[in-house]
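Me: Could you walk me through this structure with a few questions and answers? I am new to it, so please take it step by step.

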Amino acid sequence: MDRSGIPTVHINAFTSIAQSVGANRIVFGGDFTAPTGNPDLPLEREKAYRRKIIDKALEVLQVEIESPAVFTVDESKEG
């Protein structure tokens, strides 16, 4: 879709796999079983963390990129 001019974001816990399949904008997500969250967190913190991941993905959609890039929400993954 990116090649057609429609920006896309791939939220993934395995950024190397996302890069190998040709994703251009990659957001490093939570975990393999929950790439858009962290179910180990208390419910309210988990909801806030999910929102941060989705907000980051929406922000990344607006970024012009020259080559594949990985974006993170935060280093600690809110764990």
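Predicted model: local features only at pLDDT ≥ 70, side-chain atom pairs only at ≥ 80, totals over all residues.

Me: In which helix do Lys56 and Glu59 both lie?
Reply: Their side chains meet in a salt bridge, at 3.5 Å from N to O. The two residues are three apart, about one turn of the helix, and both lie in helix H2.

Me: Is Glu59 buried or partly exposed?
Reply: Buried would require under 20% relative accessible area, and exposed over 50%. Glu59 has a relative accessible area of 46%. That value falls in between, so Glu59 is partly exposed.

Me: Why do the buried residues of H2 sit on the same side?
Reply: The buried residues of H2 are Glu46, Tyr49, Ile53, Lys56, Ala57 and Val60. They lie on the same side of H2 because they cover, around the axis, an arc of only 100 degrees.

Me: Which strands do the buried residues of H2 pack against?
Reply: On the other side of H2, Leu43, Glu44 and Arg51 are exposed. The buried residues, in contrast, pack against strands E1 (10–12), E2 (25–28) and E3 (69–72).

Me: What is the N to O value for the salt bridge of Arg51 and Asp55?
Reply: Both residues lie in helix H2, four residues apart. Arg51 is exposed, with a relative accessible area of 55%, while Asp55 is partly exposed at 34%. Their side chains meet in a salt bridge, and the N to O value is 3.0 Å.

How values were computed: Residues numbered from 1 in each chain as written. Heavy atoms only, no water. Buried < 20%, exposed > 50% of the residue type's maximum accessible area, 1.4 Å probe, protein only. Arc of directions from axis to C-beta. Contact = heavy atoms within 4.5 Å. Salt bridge = Lys/Arg side-chain N within 4 Å of Asp/Glu carboxyl O.
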